[in-house]
Amino acid sequence: MADSIHRVDAEVRGHQPVTFIPSDSERDQPEEGIALCLSGGGYRAMLFHVGGFWRLNEAGLLPKLDRISSVSGGSITAGVLGLRWNALAFDNKGVGQQFRKQVVDPIRSLADCTIDESSILSGALLPGTSISDRVIKAYDKYLYSGASLQQLPDRPRFVINATNVQSGALWRFSKPYMADYRVGRILAKTRTVSLATAVAASSAFPPFLSPVELSFRSSDFEKDDKADLQFEPFTTEVVLSDGGVYDNLGLETAWKNYKTVLVSDGGGKMAPEESPKRDWARHSFRILSLIDNQVRSLRLRQLMDSLESEGGQPPVRKGAYWGIRTPITKYEKAAFAQECKEDRTRDLAETPTRLKKMDGTRQERLINWGYAICDAALRTHYLKDLPKPSGFPYPNAGV
């Protein structure tokens with residue numbers, strides 16, 4: 001993966017001196033630790049990931065995470081979890097007693113509102129504002145209240161990923177720094193941005209919500225001779241799009257760093273089309289969708305191959321994968337096999353990739369489905385002694 005060639009990680013504790021750790025290219029092996037990756041997929045993925053977080057919380061796994069890497073809709077959920085981290089009230093078993101109040105309720109409040117359509121209309125029609133400005137304002141109103149990246153915890157490290165349209169690489173937002181390996185790195189002590197801005201860039205679905213444009217000074221960037229694009233305009237006007245354009249599973253910033261990788265995939269899937277459109281606009285969109293689908297499939301194949309033993313050798317990685325389109329019967333330990341009928345879960349997977357108001361029952365069904373499939377993946381592949389859950393988060397909704 002190209003973006004990992006010159007990666008250098010750092011920790012910034014407030015405004016304390018930076019302590020460097022080796023880049024991936026300098027490591028012989030990934031570290032012991034656990035990374036959680038969250039895919040894109042609009043409100044569909046946002047709510048599906050809530051269900052996964054719910055089960056991870058019950059299992060006492062949240063405080064054990066070292067990194068949470070997210071793109072697009074997954075970044076909406078990750079941003080709320082990170083901002084509310086210190087209010088979760090973890091008990092001695094690592095279970096956040098305030099998870100529902102601090103994470104679930106705010107996200108469901110956002111899912112009660114449509115923000116993409118209104119942002120597109122007002123951003124396009126009103127002078128002095130952009131579509132991305134309106135999305136940022138909506139995220140701040142419902143979720144982040146003007147918080148900056150500096151209000152995220154030191155551990156786990158939250159990495160919110162966008163795609164740099166200029167460099168073709170990943171642009172990473174985190175508490176210690178923002179970075180693109182081709183353009184360079186901006187330390188938090190030099191410059192930071194709001195959490196809503198980072199999430200808006202990560203979820204700037206093309207074509208309507210993309211791009212998000214950030215302005216910097218060239219002097220904001222650390223001098224880096226390996227960054228081949230560290231000059232204007234790459235260092236002064238950064239043009240960002242949805243993180244899923246580059247990596248829809250959020251794997252890039254976790255893969256080489258940690259031995260255990262958990263992946264929650266609420267992403268969509270390109271449907272077959274019997275009679276593809278011939279006009280240039282719709283035909284071009286179909287071709288771009290084909291390319292995106294192929295990249296996503298390759299990343300998923302790499303992940304799955306790494307989690308499986310081959311020729312009697314231990315797997316390259318530990319962890320688990322759960323996807324919104326995965327039949328629960330694929331997992332040996334599926335507590336909700338009877339309830340999670342494939343036709344019903346497929347219906348949830350077909351929820352459009354939008355930031356559009358969703359009825360309460362469908363919200364609950366998506367959360368239940370994320371909870372159930374996460375549980376099946378964890379108990380089958382990662383925590384085999386984890387007790388069965390007693391029931392869905394929302395018992396009356398089912399899936």
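Okay, let's start with strand β10, residues 237–242: five of its six residues are buried, so the strand is largely enclosed by the rest of the structure. Buried here means under 20% relative accessible area, exposed means over 50%, and partly exposed is in between, with a 1.4 Å probe and protein chains only. Strands are DSSP runs of E with at least two residues, helices are runs of H or I with at least four, and both are numbered from the N terminus.

Before I go on, a word on what we're looking at. This is a predicted model, where local features need pLDDT of at least 70 and side-chain atom pairs count only at pLDDT 80 or more, while totals for chains, interfaces and linings use all residues. Residues are numbered from 1 along each chain as its sequence is written, and side-chain values use heavy atoms, with hydrogens and water left out.

Back to β10. Which strands does β10 pair with? Well, β5 and β10 pair in the antiparallel sense over three bridges, and strand β9, residues 212–215, also runs antiparallel to β10, joined by four bridges. Two strands count as paired if DSSP finds at least two bridges between them. If you want to find these on screen, look for Asn 164, which stands opposite Leu 240 in β10, and for Leu 214, whose bridge partner in β10 is Val 238.

Next, the core. The largest nonpolar core has 102 residues. By that I mean a set of buried Ala, Val, Leu, Ile, Met, Phe, Trp, Tyr and Cys residues joined through side-chain atoms within 4.5 Å. The residues with the most contacts inside this core are Leu 56, Leu 81, Tyr 139, Phe 173, Trp 322 and Trp 369. Helix α10, residues 360–382, gives the most to the core, with ten residues.

Let's zoom in on Tyr 139. Leaving out residues up to four places away in sequence, Tyr 139 touches Ile 76, Leu 110, Ile 115, Tyr 144, Ala 196, Val 199, Ala 200, Ser 203 and Leu 355. A contact means heavy atoms within 4.5 Å.

Now helix α1, residues 42–58. Is α1 enclosed or open? Enclosed, largely: 16 of the 17 residues of α1 are buried. Just after α1, Gly 60 takes a positive phi of about 75 degrees.

On to charges. Side chains of opposite charge can pair when their charged atoms come close. I'm calling it a salt bridge when a side-chain nitrogen of Lys or Arg is within 4 Å of a carboxyl oxygen of Asp or Glu. How many salt bridges does that rule give? The count comes to 16.

One of them joins Lys 175 and Asp 154, at 3.0 Å from N to O. Lys 175 is in the loop between β6 (170–173) and β7 (177–180), and Asp 154 in the loop between α5 (131–144) and β5 (157–164), so the pair ties together parts 21 residues apart in sequence. Lys 175 counts as buried, at 12% relative accessibility, whereas Asp 154 counts as partly exposed at 25%. The side chain of Lys 175 also reaches the backbone oxygen of Leu 152 at 3.2 Å.

Then there's Glu 350 with Arg 325, where the closest N and O atoms are 2.9 Å apart. This pair links distant parts of the chain: Glu 350 is in the loop between α9 (342–349) and α10, Arg 325 in the loop between β12 (318–323) and α9, and they are 25 residues apart. Glu 350 is partly exposed at 48%, and Arg 325 is partly exposed at 31%.

Arg 217 and Asp 220 form another salt bridge, with the closest N and O atoms 3.0 Å apart. Arg 217 is exposed at 53%, while Asp 220 is buried at 2%. And Arg 55, Glu 58, Asp 375 and Arg 379 are linked in a network of salt bridges.

Last stop: Thr 192, in the loop between β8 (184–187) and α6 (195–202). Thr 192 is partly exposed, with a relative accessible area of 29%. What does Thr 192 touch, not counting residues up to four places away in sequence? Leu 149, Gln 150 and Met 178. Thr 192 and Tyr 177 are 15 residues apart in sequence, and 7.6 Å apart in space from C-alpha to C-alpha.

Key:
A polar contact is a pair of N or O atoms within 3.5 Å; within protein, one must be able to donate a hydrogen and the other to accept it, and residues adjacent in sequence count only if both atoms are side-chain atoms.
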